[in-house]
Amino acid sequence: MPKYLIIDGYNAISKIREFDLKKDISLEVARLSFIKMLQEFMLKKRVFDKILVVFDSKEKALGVRKHVYGNVEAHFATYDRDADNVIVDMLRAATPKDEIIVCSDDNFIRNHARAFSREALSIKEFQGIIMLKPKPFSSKIEHEGIEKQKIKDINEELKKHWRIE
């Protein structure tokens, strides 16, 4: 059973400080940084089969434009259809076997997700799942029971050997 995450793109970018600050540079920079973070998440954690991010667009085109970045798809609504309605259409078109989680703080989208018996995730909950935090550095030496003084002595010897200092 495929598992999808559908994200209200600009809603998420505006609520996550790291990406909201990038809007000062440009909306495109914020959007691409957000997509890159999603790609990195998909490479490290296979929680979802696919992530679909839907953005509003002022482009006059027929239908929704789509850009594929591996398992992350960016969908751009057109000037006559907003991202909210595109997300509702995705929910309507999904099969009952598709496991879909919708991420937005927009009540219209959250209510429709529940109406289609799908889980609605707040941006804050989403941020807790998706934001990759660097792992703290730890030394295997310390875990093997070597005393701190011995570690210091070993480091000093290595510095002499490698002619550092």
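## Strand 2 and its partners

In this predicted model, strand 2 and strand 4 (residues 72–76) pair in the parallel sense, with five bridges between them. Within this pairing, Ile51 stands opposite Val72, and Val53 stands opposite Ala74. Strand 2 is also joined to strand 1 (residues 3–8) by five bridges, and these two strands likewise run parallel. Here Asp8 stands opposite Val54.

Strand 2 covers residues 50–55 and is mostly covered, since five of its six residues are buried.

The six strands form an open sheet in the order 3-4-2-1-5-6, and the pairing is mixed. Strand 3 (65–69) and strand 6 (119–121) stand at the edges; each has a single partner strand, so one side of each is left without a neighbour in the sheet. From one strand to the next, the twist averages 20°.

## Helices on the sheet

Helix 3 (residues 27–44) lies across strand 1, strand 2, strand 3 and strand 4, and runs at about 170° to strand 2. Helix 4 (residues 83–93) also packs on the sheet, where it touches strand 1, strand 2, strand 4 and strand 5. The direction of helix 4 makes about 165° with that of strand 1.

Ser104 is placed in the loop between strand 5 (99–103) and helix 5 (107–115). With a relative accessible area of 1%, Ser104 falls under the 20% cut-off and is therefore buried.

The side chains of Ser104 and Asp8 are joined by a polar contact of 3.0 Å. Beyond four places away in sequence, the residues that Ser104 touches include Asn11, Ile109, Arg110 and Leu121.

Terms used: Residues are numbered from 1 along each chain as its sequence is written. This is a predicted model: local features need pLDDT of at least 70, side-chain atom pairs count only at pLDDT 80 or more; totals for chains, interfaces and linings use all residues. Side-chain values use heavy atoms; hydrogens and water are left out. Helices (H or I, at least four residues) and strands (E, at least two) are DSSP runs, numbered from the N terminus. Buried means under 20% relative accessible area, exposed over 50%, partly exposed in between (1.4 Å probe, protein chains only). A polar contact is a pair of N or O atoms within 3.5 Å; within protein, one must be able to donate a hydrogen and the other to accept it, and residues adjacent in sequence count only if both atoms are side-chain atoms. Contact means heavy atoms within 4.5 Å. Two strands pair if DSSP finds at least two bridges between them. Axes are lines fitted to C-alpha atoms, for helices over the stretch in contact, and angles run from 0 to 180 degrees between N-to-C directions.
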